[in-house]
Amino acid sequence: MNNIVIEIPSTKKEVLRVAAYCRVSTAYEEQQTSLNSQIQYYTDYINNREGWIFAGIYSEQASGTCFDNRTAFNRMMKDCRAGKIDYIITKSISRFGRNTLPFLRSFNELIGLGITIYFEMERLDSSDWRMLKIITAAAAVAQSESESKSANIKWGIQRSFEKGHVKLNHTNFLGYTKDENGKLVIVEEEAEIVRLIYDLYLKGCGYRKIKSYLEKNGIKTVTGKVEWSTSTIDRILSNEKYIGTVLSQKSYVENCLTHKQVKNNGDLPMYLIENNHEAIISKEIFDEVQRRKTS
């Protein structure tokens, strides 16, 4: 039987170009302070080591499970491919990434490029082949912890829905804003536009005719644009919030790794909360619009 030899490229050089990767996952002040502390710590740490050349700090606030949206991480990988970095230091495996498959893909690519990664908290160095299994296992644990945390958050959201508690995003929501208590309140000049759109539809105007009418009369969208889209008009004519009702969990995050928002087609319960806030459209008008849309 032939023995399989795994050869780890050597990073031993007289001078190493060393970079650090720093990440926090939320916008909380203490997290931002932590990020700034990491940047300062690794800048000093690298600059004070003999035989090391400072190759940069790659820092960001981003999720540890979604690699696609990590601008600094992807910029670091690009610089590694360009041969600008020999050695990377990061605080821990979980800071590097919590999604096992992309983690290992990036990890293995860096090894293939002859770049060493040092995980400070775990004291693991990827140049030692005996550590590879430990690093892989630790990455899987980090992912498991992230999945568990996500499940707990989802459980809390479900219980909140069951009690009738909802959090509504009023940003770019034509007709409403929020008061100091977080309650939806009507913006009358915007509410008139909503009523106009419903009225035009019930008079027989299709989406394109409504769009044309709004634009010809200089009526702007909630974001101040002069051009309307038919999809925006459709959403306004379908939004149950205009009758003071909230239907929660119409969509949900599929899993904590992809962060993909998917439509709820009966996979999870939906919660209908009536009289949640003041209505702009009567229930009779809303129901008639829905009937015509489906007929």
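Which side chains meet in a salt bridge at 2.9 Å, N to O? I looked this up and found Lys211 and Glu215, where a salt bridge is a side-chain nitrogen of Lys or Arg within 4 Å of a carboxyl oxygen of Asp or Glu.

**Before going on.** I noted that this is a predicted model, in which local features need pLDDT of at least 70 and side-chain atom pairs count only at pLDDT 80 or more, while totals for chains, interfaces and linings use all residues. Residues are numbered from 1 along each chain as its sequence is written, and side-chain values use heavy atoms, with hydrogens and water left out.

I placed Lys211 and Glu215 in helix 7, four residues apart, which is about one turn of the helix; helices here are DSSP runs of H or I with at least four residues, strands are runs of E with at least two, and both are numbered from the N terminus. Lys211 is buried, with a relative accessible area of 17%, whereas Glu215 counts as partly exposed at 30%; buried means under 20%, exposed over 50%, and partly exposed in between, with a 1.4 Å probe and protein chains only. In helix 9 I found Arg291 and Glu288, three residues apart, whose side chains meet in a salt bridge at 2.6 Å, N to O. I also recorded a network of salt bridges that links Glu188, Glu192 and Arg195, and a search of the whole structure gave 13 salt bridges.

**Entry on helix 6.** Helix 6 runs over residues 188-202 and reaches 21 Å from its first C-alpha to its last, close to the 21 Å expected at 1.5 Å a residue, the expected span being 1.5 Å times one less than the number of residues. Its buried residues are Ala191, Ile193, Val194, Ile197, Tyr198, Leu200 and Tyr201, and their cover includes strand 7, helix 7, helix 8 and helix 9. Just after helix 6, I saw that Gly204 takes a positive phi of about 105°.

**Entry on the core.** I then looked up the largest nonpolar core, which has 25 residues, and those with the most contacts inside it are Ile197, Tyr198, Trp228 and Tyr242; such a core is a set of buried Ala, Val, Leu, Ile, Met, Phe, Trp, Tyr and Cys residues joined through side-chain atoms within 4.5 Å. The largest share of this core, seven residues, comes from helix 6. Not counting residues up to four places away in sequence, Ile197 touches Ile210, Leu214, Trp228, Ile233, Ile236 and Leu237, a contact being heavy atoms within 4.5 Å.
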